[in-house]
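Trainee: I have a new model to read. Can you walk me through it?

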Amino acid sequence: MSLDDAAEELASALGVDEAAVREDLEKLVSYSVPMDEAKQSLRRKYGDSGGGSDATPSETDIADITTDSGNVTVAARVLTVGKRSIRYEGEDQTIFEGELADGTGRISYTAWNDFSLSAGDTITAGNAGVREWDGEPELNLGSSTTVTLDEEPLSVPYEVGGERELIDLEPGDRGRTIEIKVLDVERRTIDGRDGETEILSGEFGDETTRLPFTDWDPHPELAEGASVRIEDVYVDEFRGVPSVNVTAFSSVEPAAEVSVSDSATALSVREAVASGGVYDVLLTGNVIEVRDGSGLIQRCPDCGRVVQNDQCRDHGRVDPEDDLRVKAVLDDGTDTVTAILDRELTAAVYGGSLEDALDHARDAMDRDVVADRIAERLEGREYRVRGALSVDEYGANLNASAFDESDEAPEARAAAFLAEVDG
Ligand SMILES: [Zn+2]
């Protein structure tokens with residue numbers, strides 16, 4: 001460590017002026033005092049409470065770190081390392097993120113410098129900052145943090161390394177490794193932070209479930225039907241549903257054929273809503289209401305938003321396009337969600353195409369006849385609905401990919417439900 005770095009670290013740890021610390025440090029080093037001893041003597045001089053005879057500041061158990069903790073020193077095992085580029089104060093910066101653990105707990109970290117961390121390393125991180133992220137403490141390893149590698153591996157009650165199945169991925173995960181099959185992929189042009197940029201988006205699957213993904217640095221290996229192993233992805237959320245992010249730092253390698261689950265996770269409506277969002281879920285319940293905005297609707301040709309009186313919120317007066325949709329309230333006795341059916345599924349429950357619906361409305365001189373017929377057919381009946389559930393300020397919405405009348409007898413379902421309740 002250079003003298004400047006040591007001075008900066010000490011000044012920041014002790015909360016004193018850096019120039020004064022550097023001057024003292026220079027003096028001691030010029031007297032041939034070893035750096036560690038020099039730092040220790042300055043800690044005493046400037047009154048570090050953790051000083052005294054102990055040469056290293058005392059270590060904090062990870063379980064004891066709170067959002068109120070100041071700077072801490074931890075001895076920990078590196079569970080995961082993810083590399084990412086962010087824009088911070090107008091500058092692109094490469095950061096490293098993941099989790100550290102000791103015997104008492106684990107904690108997320110962000111390293112603003114490259115400490116060459118690898119999953120499995122045992123380290124002592126001195127003078128790490130603690131910040132609050134999403135209500136939880138997180139460690140910041142920056143220029144005033146010292147990271148030393150410890151030879152003796154610390155044993156921790158957590159999995160070391162980032163390998164996960166899709167079902168176990170959660171928003172906020174960093175440095176994960178997955179083996180998946182690309183189920184669906186499309187190339188899109190978006191307005192990125194540096195203007196127009198090409199990305200890939202689509203769907204991954206493995207034996208456990210399916211999840212949407214975005215590749216910010218299009219990898220040609222991510223072709224439809226390909227099975228690949230991807231190291232270093234991170235997970236964020238879109239409307240409560242986990243979404244996998246592949247970046248320029250991810251490595252993508254061909255893998256042996258990955259088999260993909262064909263069944264959605266069956267949950268009660270209450271469980272599904274409580275989870276905050278599920279990409280591929282199966283809910284069964286009664287349609288208790290077909291809501292307004294169902295049947296024949298009109299959309300803005302530019303943005304696809306539903307419009308009324310030819311007025312789009314973003315595009316003003318437009319020449320709208322006709323479409324079919326259903327918003328059905330599904331109730332299974334535990335809670336309700338709104339199932340949203342696209343044109344194809346709506347045509348199936350209506351029993352006719354968009355053109356048929358337009359003819360129907362023209363003949364009746366009333367567009368509502370389409371929604372009325374749909375309501376007549378759906379309300380009071382039980383359906384199995386598969387799709388992506390999102391939970392946000394607009395409520396709990398299930399974008400249906402399949403919508404089938406339940407063939408199970410209500411008595412059987414009631415019995416199964418009671419058995420579940422009774423455990
Ligand atoms: Zn619009």
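Predicted model: local features only at pLDDT ≥ 70, side-chain atom pairs only at ≥ 80, totals over all residues.

Trainee: Which domains does the assignment give for the protein chain?

Mentor: Domain 1 covers 3-45 and domain 2 covers 58-149. Domain 3 covers 166-254, and domain 4 covers 265-422.

Trainee: How many residues of domain 3 are in contact with domain 4?

Mentor: The size of an interface is often given as the accessible area lost when the parts come together. Here we count contacts instead. In this model, 9 residues of domain 3 are in contact with 10 residues of domain 4. The centres of these two domains, taken over C-alpha atoms, are separated by 28 Å.

Trainee: Which elements give two or more residues to the domain 3 side?

Mentor: Strand 10 (210-215) and strand 12 (241-246) do. Strand 10 gives the most, with 3 residues. By class, that side has 4 nonpolar, 2 polar and 3 charged residues.

Trainee: Is glutamine 308 buried or exposed?

Mentor: Glutamine 308 counts as exposed because it has 10 C-beta neighbours inside 10 Å; the cut-off for exposed is 12 or fewer. Glutamine 308 sits in the loop between strand 16 (295-299) and strand 17 (311-312).

Trainee: How far apart are glutamine 308 and phenylalanine 213?

Mentor: They are 95 residues apart in sequence and 33 Å apart in space, C-alpha to C-alpha.

Note on methods. Residues numbered from 1 in each chain as written. Helix = DSSP H or I, 4+ residues; strand = E, 2+ residues; numbered from the N terminus. Buried ≥ 20, exposed ≤ 12 C-beta atoms within 10 Å, placed from the backbone. Domains from an automatic or database assignment. Contact = placed C-beta atoms within 7 Å. Nonpolar A, V, L, I, M, F, W, Y, C, P; charged D, E, K, R; others polar.
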